[in-house]
Amino acid sequence: MSLTREDLENGLMLRIWREANRDIPCKTNDELNASADQTLDAFGPAGDPWVFGYGSLIWNPLLDYDSRVPATLNGYHRRFCLWSRTGRGTPERPGLVLGLDHGGSCTGVAYRIPREKARCELRLLWRREMLSNAYEAHWMPVQTCVGEIRALTFVINRENANYAGDLSTDQLVEALSTACGRLGSSRDYLCQTVEGLLEHGVRDPLLDELHARVTAQAALESPDND
């Protein structure tokens, strides 16, 4: 399935999380709203905030934005470092999703949110990204064709129980090739991210390698090859 704004407004992600993690505490809507508001207040009272997308926010942003541009964040790199046991996998066969981890740089897409819509949009975004403590939200300098901007970024929390650490390429390919959850497969997540980056003229060598290997693995397992 493709996640929609209506899904977020109706609390779908929260329900999915609670169904699969009954013994793990999850933030309430009031707590999510308060956290989003606090983050927006930290941005300051003036100007339009930006949001930096490096994974699913590239191909399915679900944000009411008025401008988007390719953007590069220095000091962090994109990698599959977060186990997904609900959306893109199951507890028995966890999948993987992307996070920003320390070191290097990452090119993605930045979205400008009109100030008058920012509080509503960040609250909605929190229902997607901040149900658990998998990510930490920070305002960071990002380089774009319109100059340097301050963008909201979601950095992996290495203390989270689902932090995957430094997996080998074979481990990544195995998880991305086989896992599927309530929001779809890890393979689709990878393919859509690669395609979304290409639409903005961006290539990620690591993702390109994983995409090639996962696609080849799928071809080998296809019934047409029997």
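**Salt bridges across the fold**

Arg119 pairs with Asp37 in a salt bridge (a side-chain nitrogen of Lys or Arg within 4 Å of a carboxyl oxygen of Asp or Glu), with the closest N and O atoms 3.2 Å apart. Arg119 sits in helix H5 (residues 115-129) and Asp37 in helix H3 (residues 29-43), so this pair ties together parts that are 82 residues apart in sequence. Helices (H or I, at least four residues) and strands (E, at least two) are DSSP runs, numbered from the N terminus.

This is a predicted model, where local features need pLDDT of at least 70 and side-chain atom pairs count only at pLDDT 80 or more, while totals for chains, interfaces and linings use all residues. Residues are numbered from 1 along each chain as its sequence is written, and side-chain values use heavy atoms, with hydrogens and water left out.

As for accessibility, buried means under 20% relative accessible area, exposed over 50%, and partly exposed in between (1.4 Å probe, protein chains only). On that scale Asp37 is buried at 14%, whereas Arg119 is partly exposed at 36%.

Next up, Asp166 and Arg79 meet in a salt bridge at 3.4 Å, N to O. Asp166 belongs to the loop between strand S5 (147-156) and helix H6 (169-178) and Arg79 to strand S2 (residues 67-84), so the pair links parts 87 residues apart in sequence. Asp166 is exposed at 69%, but Arg79 is buried at 13%.

Arg158 and Asp101 also form a salt bridge, their closest N and O atoms being 2.9 Å apart. Asp101 is buried at 0%. Salt bridges with shared partners join Asp37, Asp41, Arg119 and Arg123 into one network. Searching the whole structure turns up 14 salt bridges.
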